[in-house]
Amino acid sequence: MWAYESVFYQIYPLGFCGAPFENDGILTHRILKVNDWIEHIKNLGANAIYFSPVFESDTHGYNTRNYKKIDCRLGTNDDFKEVCKNLHKNNIKVVLDGVFNHVGRGFWAFQDVLQNRENSRYRDWFFIDFNGNSNYNDGLWYEGWEGNFDLVKINLRNEEVINHIFECIKLWIDEFDIDGLRLDVAYCLDKDFLKRLRSYTDSLKNDFLLLGELLHGDYNQFVNDDMLHSCTNYECYKGIYSSHNDHNYFEIAHSIKRLNDICRGRRLYTFVDNHDVARIASKLQNKAHLPLVTILLYTVYGIPSVYYGSEFGIEGQKEQGSDWNLRPALSLADYADAYENNEITKLCRKLGQLKKEYAELTNGTYQELILTNRQFAFGRILDGKECISALNCDDAQASFEIPLCCQNATAKELLDQEAVLYEVTDRQTLKVTLPANTGTVFYVE
């Protein structure tokens, strides 16, 4: 599966492109902006894009009106076809948000139900009670997602619904040549539907990715040979930032080991922020930990994903009742000097290069090597060679010795950290001294 060897870049198109929150019905070709970012995305080592919703919706994209039409605030189907073509020319895969648990109130079939009530041929596409009422005073009740009645839950046991979704996916593959889907709230989706979806997409395109949004629990229930290839790793997301805020690397080390055990080596989609959670630069209590978090993101076992803008270290907090602050419009011109002057941007580019140069960072098995509250080292081992990530989140310098898997080993430091001291001892350990709040990566062979 191509995704297992990829670095993802996530774009929330409506925010990224500066579209209005409410669908104003005005056709504007904003999605073409992505073309201008392709070289930057490649510089980060990313070779796949996950686009949050692009199809016609009421407001934020997840309340879909029409699965077959690019949102007019972003442009036309032809505009997006051009974007996907340019991405593929640059060897960047395209993954779209598959929002199949619910639709918007503006969805054409739900509008038919509101108009024709019991006589609507689409009444069984949803969970309707004509004897009730809704928050919108429709004169009928319907099930919304987790109490959000702008998100109308659809019936994934209805054959017409399933056929409509499958027809749309085929259209996306035929028209945009997409390479996979990220399934919104996959933990809510009917498991029989997911099995049928996997079988159907496997028949349409070889190595078509199904990536599910899962929050917690046993990911293996959904990530298996019959359903999803991977899922969002929220457990490690939480562990990455809180391990640094609490100076407790035991938390993230425990999560990595637990998930490796229960998921039997399957690679999960790793991130430090996204369109639903605060930016990592706002989440960390000590901004000096940003490089450490970035090293973890790129080098831990999994599929790393960078959320647009966080490679510049931008901040953003959730606001009461709105996530829009997490989804800003950005101009690349505002960060023209980032590769020269921005520590996080430079680090992302360097780590992206290392991912391509050292197969150990992608395919190497994970091995915990050093673990204390404030120091953490782990190896990615492949064919008797290893890349070692070493982290020190203490406000003081730290020295420690890392056991090596190689005999007669030599080591080199890969991030050009001149302040890092290291040597291979005669006991075949790597003796390392890291300054305060510093991390690096070694190659040992």
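H102 has K153 as its bridge partner in β10. When I say two strands pair, I mean that DSSP finds at least two bridges between them. Helices (H or I, at least four residues) and strands (E, at least two) are DSSP runs, numbered from the N terminus.

Before I go on, this is a predicted model, so to speak of local features I need pLDDT of at least 70, side-chain atom pairs count only at pLDDT 80 or more, and totals for chains, interfaces and linings use all residues. Residues are numbered from 1 along each chain as its sequence is written, and side-chain values use heavy atoms, with hydrogens and water left out.

Back to that pairing. It belongs to an open sheet of three strands, in the order β6-β10-β9, and the pairing there is antiparallel. At the edges we have β6 (102-104) and β9, each pairing on one side only.

Now, have a look at the loop between β9 (144-145) and β10 (148-153), because that's where E146 lies. Phi of E146 is near 45 degrees, and that's a positive value in a residue other than glycine. Most residues other than glycine have a negative phi. Is E146 buried or exposed? With 54% relative accessibility, E146 counts as exposed. The cut-offs: buried is under 20% relative accessible area, exposed is over 50%, and partly exposed is in between, with a 1.4 Å probe and protein chains only.

On to the other sheet. Which order do its eight strands take? It goes β13-β12-β11-β5-β2-β1-β15-β14, an open sheet with parallel pairing. The edges are β13 (230-231) and β14 (269-271); each has a single partner strand, so one side of each is left without a neighbour in the sheet.

Let's walk through the part around β2, residues 48-51. Strand β1 (residues 8-11) pairs with β2 in the parallel sense over four bridges, and F8 has A48 as its bridge partner in β2. β2 also pairs with strand β5 (residues 93-98), again parallel and over four bridges, with F51 standing opposite L96 in β5. From β5, four bridges lead on to strand β11 (residues 180-183), running parallel, and there V95 has G180 as its bridge partner. As for β2 itself, both faces are covered: A48 and Y50 are buried on one side, I49 and F51 on the other.

Next, the helices. Helix α7 (residues 234-245) and helix α8 (residues 249-262) have axes that come within 7 Å and cross at roughly 160 degrees. The axes are lines fitted to C-alpha atoms, for helices over the stretch in contact, and angles run from 0 to 180 degrees between N-to-C directions. The crossing is left-handed, meaning the near helix is turned anticlockwise from the far one by less than a right angle; clockwise would be right-handed.

Who makes the contact, that is, heavy atoms within 4.5 Å? From α7, the residues include E235, K238, I240 and H244, and from α8 they include Y249, I252, R258 and L259. The residues of this contact divide into six nonpolar, five polar and four charged. Here Ala, Val, Leu, Ile, Met, Phe, Trp, Tyr, Cys and Pro count as nonpolar, Asp, Glu, Lys and Arg as charged, and the others, Gly among them, as polar.

In the loop between α7 and α8 sits H247. Its phi is near 50 degrees, another positive value in a residue other than glycine. H247, though, is buried, with a relative accessible area of 18%.

Helix α10 (residues 290-299) is mostly covered, with 10 of its 10 residues buried; among them are L290, P291, I295 and Y298.

Last stop: strand β23 (residues 438-444). Seven of the seven residues are buried, so β23 is largely enclosed by the rest of the structure. T438, T440, F442 and V444 are on one side, and G439, V441 and Y443 on the other. Strand β18 (residues 385-392) runs antiparallel to β23 and is joined to it by seven bridges, with N392 standing opposite T438. Strand β20 (residues 411-413) is joined to β23 by three bridges, also antiparallel, and K412 has Y443 as its bridge partner.

Terms used. Contact means heavy atoms within 4.5 Å.
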